[in-house]
Amino acid sequence: MVVQLTFRGSPAAPVVRCCGARQRLPAVIVGKILYVDAAGESHGCSGASIIADGKNIVWTAGHCVHPGDGSGADGFHDSVLFIPGYKESATSSNGYDSPWGEWVAQAFVAPEAWTQDKDYNEGDLAAFTVKAPAGCTNLADTVGALGYRFGDGSDWSDIIDSGFPGEGYNRTDMDCDMGSGASGGAMATTEGQIVGANSHVEVDDSGERINDNLYSSNHGSQAVAVINRINELN
């Protein structure tokens with residue numbers, strides 16, 4: 001099942017092992033997500049424009065839009081923005097440039113496996129619609145969009161990962177910056193089809209990360225239900 005809120009302002013696979021190679025995706029399709037949690041604190045995540053009805057949908061991780069605390073449709077974060085092509089800027093008043101505008105989240109859909117059960121293996125995925133800023137028609141026509149393949153299993157190769165990490169893991173030892181902040185970034189095939197979203201890592205008993213693997217929730221029936229439902233709202 002999925003839950004939605006309309007119009008308000010063992011590890012799972014796939015798995016990506018970070019490496020030194022720098023794959024290049026159309027950067028503007030991937031964006032940074034900024035949101036405010038229930039405590040009033042600001043956070044950053046990642047997401048991607050996805051092909052869908054209405055052309056105004058972002059795909060991300062469930063924990064980027066909802067704390068997974070059992071609050072259901074009442075628990076989605078406030079003031080969620082999607083900023084495609086986000087760039088940090090020391091000269092900007094808010095610390096970043098938004099060359100393709102700021103797209104305000106309107107409607108959210110996430111599985112109950114996340115909003116009620118906080119299931120990182122099966123439920124940490126979500127989608128939301130956005131409102132086009134002045135001068136833009138819709139998200140997909142403005143920046144492009146990735147396709148998707150949901151429900152086709154988790155045995156993928158040559159997956160391209162994306163995101164806007166605020167901190168890295170083993171940054172001094174290797175070119176792997178996919179730490180906190182990269183959550184929600186798309187895991188996509190080389191043909192540009194989303195098959196996962198950055199969700200979680202492996203940790204030891206003290207909560208410390210133990211390797212450079214980055215996992216997605218399973219994008220099976222839950223993902224199919226979410227994309228179908230968000231299409232109905234868009």
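Which side chains does a polar contact of 2.6 Å join? They are those of aspartate 124 and serine 199. A polar contact here is a pair of N or O atoms within 3.5 Å; within protein, one must be able to donate a hydrogen and the other to accept it, and residues adjacent in sequence count only if both atoms are side-chain atoms.

## Basis

This is a predicted model: local features need pLDDT of at least 70, side-chain atom pairs count only at pLDDT 80 or more, and totals for chains, interfaces and linings use all residues. Residues are numbered from 1 along each chain as its sequence is written, and side-chain values use heavy atoms, with hydrogens and water left out.

## Aspartate 124

Aspartate 124 sits in the loop between α1 (112-115) and β10. Helices (H or I, at least four residues) and strands (E, at least two) are DSSP runs, numbered from the N terminus. Aspartate 124 is buried and has no salt bridge. Buried means under 20% relative accessible area, exposed over 50%, partly exposed in between (1.4 Å probe, protein chains only). A salt bridge puts a side-chain nitrogen of Lys or Arg within 4 Å of a carboxyl oxygen of Asp or Glu. The nearest side chain of opposite charge is lysine 118, 9.4 Å away. For charge, Lys and Arg count as positive and Asp and Glu as negative; His and the chain ends are not counted.

The side chain of aspartate 124 also reaches the backbone nitrogen of glycine 62, at 2.8 Å. Leaving aside neighbours within four places in sequence, its contacts (heavy atoms within 4.5 Å) include Ala61, His63, Trp114 and Ser217.

## Strand β5

Strand β5 covers residues 57-60. Ile57 and Trp59 lie on one side, Val58 and Thr60 on the other, and all are buried. In a regular strand the side chains alternate between the two faces of the sheet.

β5 has antiparallel links to β4 (residues 42-49), through two bridges, and to β10 (residues 126-131), through four. Strands pair if DSSP finds at least two bridges between them. Serine 49 stands opposite valine 58 in β5. Threonine 60 stands opposite alanine 126 in β10.

## The disulfide

A search of the whole structure finds one disulfide. The criterion is a pair of cysteine sulfur atoms within 2.5 Å. Cysteine 45 and cysteine 64 form it, with sulfur atoms 2.2 Å apart. The angle about the S-S bond is -80 degrees, and the link is left-handed. Cysteine 45 lies in strand β4 and cysteine 64 in the loop between β5 and β6 (78-84), so the pair ties together parts 19 residues apart in sequence.

Cysteine 45 is buried at 3% relative accessible area. Cysteine 64 is buried at 0%. Cysteine 136 is partly exposed, at 26%.

## Salt bridges

The count comes to three salt bridges. Lysine 55 pairs with aspartate 141, the closest N and O atoms being 3.4 Å apart. This pair links distant parts of the chain: lysine 55 is in the loop between β4 and β5, aspartate 141 in helix α2 (residues 139-143), 86 residues apart. Lysine 55 is partly exposed at 37% relative accessible area, and aspartate 141 is partly exposed at 49%.

Aspartate 152 and arginine 149 meet at 3.1 Å, N to O. Aspartate 152 is partly exposed at 45%, as is arginine 149 at 34%. Arginine 229 bridges to glutamate 232, with the closest N and O atoms 2.7 Å apart. These two are three residues apart in helix α3 (residues 221-233), so about one helical turn separates them. Arginine 229 is partly exposed at 24%, whereas glutamate 232 is exposed at 57%.
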